[in-house]
Amino acid sequence: MTEAPVRRPAWPERYSAWLLPPRAPEGPWARRTLEQARRGLDAAAALLYPPHCMSCGTPLPAGPNRALCLGCAERIEWIGVDRCMRCGDRVGQGRGAVDGCPSCATHPPVYVTATCTLACYEEPLRSAILALKFSAGLQAVGLYGRLLAERVRETGLDAGKRPLAGIVPVPLVEADRRRRGFNQSEELALELGAALCVPVRTELLKKVRSTPPQATLNADARRQNLRGAFVADTAVCAKLSGAAVLVLDDVITTGSTVSECARTLRDAGVGEVRAVALARG
Ligand SMILES: [Zn+2]
Ligand SMILES: [Zn+2]
């Protein structure tokens, strides 16, 4: 995979994305009307319950930014040019994009050819990402989708030898998805897919077994924990032998979740798997 040229100065300009107006709704008339109605309801709800910064709780000014106040946004440790192309982790300043890093040496991102993320999984972004598990946190997915799309284009994850055939959000077990009412990775994937004009392919991968939370486990136990938890649709995956898909998770820590998703998809016949996440732990 070749590295796309990076415009400089890249990262401080990201702050302005927090304030961009939302994109005009696209698609058929019915979908545009529904989206406009949804935005109208959102705006009314924001008047009644003004949005607050998801990290420090400061009320946010009226407008499209529903995630973090600018004070918090300025503290985000963005992962810019200096990064590992394989696992998406940051590397020393001035090193540029490197192929392999110390994190890869201990936890190689098997079955994933390239990874990009927005920033480090630290406060204040950590609070905003944790909030995605609750419906109130979802108000920021439109913004994240646009930031992710920019990052994917800059790092060339939408290019490469094999064409990008779809975005595959890391699935939840159906019962968990129903209980929560949504899957935050799927919501992010829909926004990213719309921005990149790439379809979201939830039919490719299902999670069939609940797994204990990964956070309490070490890297080896995480891999064991996930073995056999995902099942791919082999008939559909076999048709993608010449294509690549982009697995999307909210956070990549040791990479065991995206690796297990990638292994399942590759075993079922998908040609290549790349990975994208909001944050790198
Ligand atoms: Zn704040
Ligand atoms: Zn690495």
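**View 1. Glutamine 36 in helix H2 of the predicted model.** Helix H2 covers residues 29-48, and glutamine 36 has its place there. Glutamine 36 has 12 C-beta neighbours inside 10 Å and therefore counts as exposed, since the cut-off for that class is 12 or fewer. Leucine 226 lies 40 Å from glutamine 36, C-alpha to C-alpha, at a sequence separation of 190 residues.

**View 2. Packing of helix H6 on helix H8.** The two helices, H6 (residues 141-154) and H8 (residues 184-196), have axes 8 Å apart and pack at an angle of about 55°. H6 and H8 are therefore oblique to each other. The crossing in which H6 passes H8 is right-handed.

**View 3. Residues in the contact of H6 with H8.** On the H6 side, the contact is made by Val141, Gly142, Tyr144, Gly145, Arg146, Leu148, Ala149 and Val152. They meet Glu187, Leu188, Glu191, Leu192, Ala194, Ala195 and Leu196 of H8. Sorted by class, this contact has ten nonpolar residues, three charged and two polar.

**View 4. Helix H8, its buried residues and its end.** H8 has 13 residues and should therefore span 18 Å at 1.5 Å a residue, which agrees with the 18 Å between its end C-alpha atoms. Gln184, Ser185, Glu187, Leu188, Ala189, Glu191, Leu192 and Gly193 are the buried residues of H8.

**View 5. Helix H11 and the glycine that comes just after it.** H11 comprises residues 256-267, twelve in number. From its first C-alpha to its last, H11 reaches 16 Å, close to the 16 Å expected at 1.5 Å a residue. Nine of the twelve residues are buried, and H11 is thus mostly covered. The buried residues of H11 are Ser256, Thr257, Val258, Ser259, Glu260, Cys261 and Ala262, together with Thr264 and Leu265. Just after H11 comes glycine 269, with a positive phi of about 120°.

Methods
Residues numbered from 1 in each chain as written. Chains lettered and ligands numbered in written order. Predicted model: local features only at pLDDT ≥ 70, side-chain atom pairs only at ≥ 80, totals over all residues. Axes fitted to C-alpha atoms, helices over the stretch in contact; angles between N-to-C directions. Helix = DSSP H or I, 4+ residues; strand = E, 2+ residues; numbered from the N terminus. Parallel < 35°, antiparallel > 145°, perpendicular 65-115°, else oblique. Left-handed = near helix turned anticlockwise from the far one by under 90°. Contact = placed C-beta atoms within 7 Å. Nonpolar A, V, L, I, M, F, W, Y, C, P; charged D, E, K, R; others polar. Expected span 1.5 Å × (residues − 1). Buried ≥ 20, exposed ≤ 12 C-beta atoms within 10 Å, placed from the backbone.
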